[in-house]
Amino acid sequence: MLDVNVVEQVESQLKEAIKQAVLKAELASQEEMPQVVLETPKDKSHGDYATNMAMQLARVAKKNPRQIAEEIVEQIDQQKASVKSIDIAGPGFINFFMDTSYLTDVVNTIFDQGEDYGQSNVGQDERVQIEFVSANPTGTLHLGHARGAAYGDTLANVMEKAGYSVEREYYINDAGNQIDNLAKSIEVRYFEAIGEEKDMPEDGYRGQDIIDLAKGLVDSHGRQFFEMDETERLQKFREHGLKHLLHQIKQDLEAFRVPFNSWFSEMSLYEEGKVEEAVTSLREKGYVYEEDGAVWFRSTEFGDDKDRVLIKQDGTYTYLTPDIAYHQNKINRGFTHLINIWGADHHGYVTRMKAAIQALGNSKDLLDIKITQMVNLFENGEKVKMSKRTGKAITMKELIEEVGLDATRYFFIMRSNDSHLDFDMDLARSESNDNPVYYVQYAHARICSMLKQAEEKGVDVEATADLSLLVAEKEIDLLKRLGDYPQVISEAATKKMPHRIPQYVFDLASDLHSFYNAEKVIDLEQVELTKARIALMKATRTVLKDALQIIGVHAPEQM
RNA sequence: GUCCCGGUAGCUCAGCAGGAUAGAGCAACAGCCUUCUAAGCUGUCGGUCGCAGGUUCGAAUCCUGCCCGGGACGCCA
């Protein structure tokens, strides 16, 4: 069991003190008590915390909020709640100025917990599966996939930290039309490579990756496939293409620091009869009917625009059917929360997928589908086109080579997934203070450098320090920020907003730089203060490194 | 036509389970290196929070309608 973190503890004490004061002043009964809301005012002159309790009580108590505020303040046990002074302001806000000495405990907590600092159990070990990327193995990963990968990986990291039991899965669409197309596309490129003619199918894959793959086949097998019977040849190309492209995808993801626990094959669902079972299951529940020679799923029962075909006239399944079987399989594996991360171009399928989840007898909240919006690349102020069809697409791998791994990870996660992302390559590449990645990494390197020099100057950096010496404004700011970390983690996890992490880490870096410029850490004239500041630096370094690790960015020791 | 996302400072974006004078970075302007990395810091300038109604003591935040931008609407995946 983790210690309740310092900041939470102080906040709940203050809330309790407010509640007790309201009861003592007989402004409301236990039953009438509104939820105590504590907020941190933007303006420092409004204190460390503020509550709107008096305004909330105005109706119940039938009094002027300012008067209510005064009555509450009279009854508050300031000592117990670590409150130094209280103001009443504006329409009836009660502003609390805290005795900030409790903040130094944050440093001790960070030392005790190390990289576990920030962990919580808000997730209560719930078994969550996050399925992401899941790009068809018909080409290399491009920018949209990279965004999904960065989002999914960071979300998984942050949810793990918040106490969820997370599995990361990649669904391999290794069955269906697109794989037949892949085989045919390879065939065309193969023929081209040996000087034979073959027309590219309408929806063939025209990317450079397929051309390269075909050339590779010529190198290793010569004209061997040309001599083969077409069916056999296509089967070979199918197998080879799948294997090769999937391998490439795995390598790309690994290089992007995005690990998966599980790679789930669509084909396996067919092989084990699970697709058929899914249809049977829906049929038994009365959501299946036949019309125009096709088999339909009555998804309109669950709010869909129209019913969806499960089995086409030609007897084959639509993509939806194995997907339903797949989700049933996920549920069977015991996950109580499913998160799918899809690109914006798939948002139209959310309703039918959720309909299927419900038709199978589950709450629609079991499945949470997060959509990542489109990515546009910019270079020299101009939009860089990225079309898979023309073969001129910029792949994820190329982007990483172009701007660097850390910058790519950071840029993809620093914006809300709901926003379109303008990826500024010049900015990502620039080794300047414009670049937020360098700004944040520099904070970490700066601390490392200070610690090194402190050691060289003979300061005992491991010594126990008197943290009560940390009273300067910038020190308090930094301590407060460090204290916020656990809440940032749990909020990013529960709201599924991993972009909160880069925002936090930027603010933390900003507090560090600001402190650095205001106060001198290593001061041999003031050894005790130096020790206290070194302790603060070490704590800051721990949190910086941990937060960067969550978003998949390295924390360099020197720059 | 229907659905999804966005519309906040000149630019890119945060804030959105309602709270006080709406924030950051960049850009522009003015300062700070004989002192722990200036890849840094400090200050100034800059906004009818798309528009119009509504709910509320209080709305960028919630509701309704409209406008603009992007995306999706297949018995493809």
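1. Start with the aromatic pairs. Two rings of Phe, Tyr or Trp (its six-membered ring) pair if their centres lie within 6.5 Å. By this rule the count comes to 21 pairs. One aromatic cluster is formed by Y190, F191, F225, F226 and F237.

2. A word on the source. This is a predicted model, where local features need pLDDT of at least 70, side-chain atom pairs count only at pLDDT 80 or more, and totals for chains, interfaces and linings use all residues. Residues are numbered from 1 along each chain as its sequence is written, chains are lettered from A and ligands numbered from 1 in the order in which they are written, and side-chain values use heavy atoms, with hydrogens and water left out.

3. Two rings also carry a charge above them. A charge sits over a ring if NZ of Lys or CZ of Arg is within 6 Å of the ring centre and within 35 degrees of the ring normal. The charged end of R127 is placed over the ring of F335, 4.5 Å from the centre of that ring.

4. Now the chain as a whole. Chain A has 20 helices and 15 strands. Helices (H or I, at least four residues) and strands (E, at least two) are DSSP runs, numbered from the N terminus. The C-alpha atoms fill a box of roughly 90 × 65 × 45 Å, taken along the principal axes. Of the 559 residues in chain A, 52% are buried. Here buried means under 20% relative accessible area, exposed means over 50%, and partly exposed lies in between (1.4 Å probe, protein chains only).

5. Take the contacts in chain A between residues at least 6 apart in sequence: 71% of them join residues at least 24 apart.

6. Next, the RNA. A residue is near the strand if one of its heavy atoms lies within 4 Å of it.

7. Which part of the RNA faces the protein? Of the atoms of RNA strand B within 4 Å of the protein, 62% belong to sugar or phosphate, and the rest to bases. Single atom pairs show both kinds. The side chain of S514 has an N or O atom 2.9 Å from a phosphate oxygen of RNA strand B. E519 uses a backbone N or O atom, 2.6 Å from a base nitrogen. For I522, a backbone N or O atom lies 3.0 Å from a base oxygen. Elements giving two or more residues to the surface near the strand include α2 (53-61), β4 (93-98), α6 (177-193), β9 (294-297), α17 (436-456) and α19 (500-518). The most comes from α17, with eight residues.

8. Check two backbone angles. Most residues other than glycine have a negative phi. D125 has a phi near 60°, a positive value. D125 lies in the loop between α4 (104-113) and β5 (127-131), and counts as exposed because its relative accessibility is 59%. R257 also has a phi near 60°. R257 is in the loop between α9 (230-255) and β7 (262-265). With a relative accessible area of 24%, R257 is partly exposed.

9. Is L544 buried or exposed? L544 counts as buried, because its relative accessibility is 0%. This residue is found in helix α20 (residues 527-550). Leaving out residues up to four places away in sequence, L544 touches A443, H444, I447, V505, L508 and A509.

10. K274 lies in helix α11 (residues 274-284) and is partly exposed at 28% relative accessibility. Beyond residues up to four places away in sequence, K274 touches L269 and A325. M497 sits in the loop between α18 (473-494) and α19, and is partly exposed with a relative accessible area of 27%. M497 and E473 are 24 residues apart in sequence and 30 Å apart in space, C-alpha to C-alpha.

Notes. A polar contact is a pair of N or O atoms within 3.5 Å; within protein, one must be able to donate a hydrogen and the other to accept it, and residues adjacent in sequence count only if both atoms are side-chain atoms. Contact means heavy atoms within 4.5 Å. Rings of Phe, Tyr and Trp (its six-membered ring) pair if their centres lie within 6.5 Å; planes under 30 degrees apart count as stacked, over 60 as edge-to-face and the rest as tilted.
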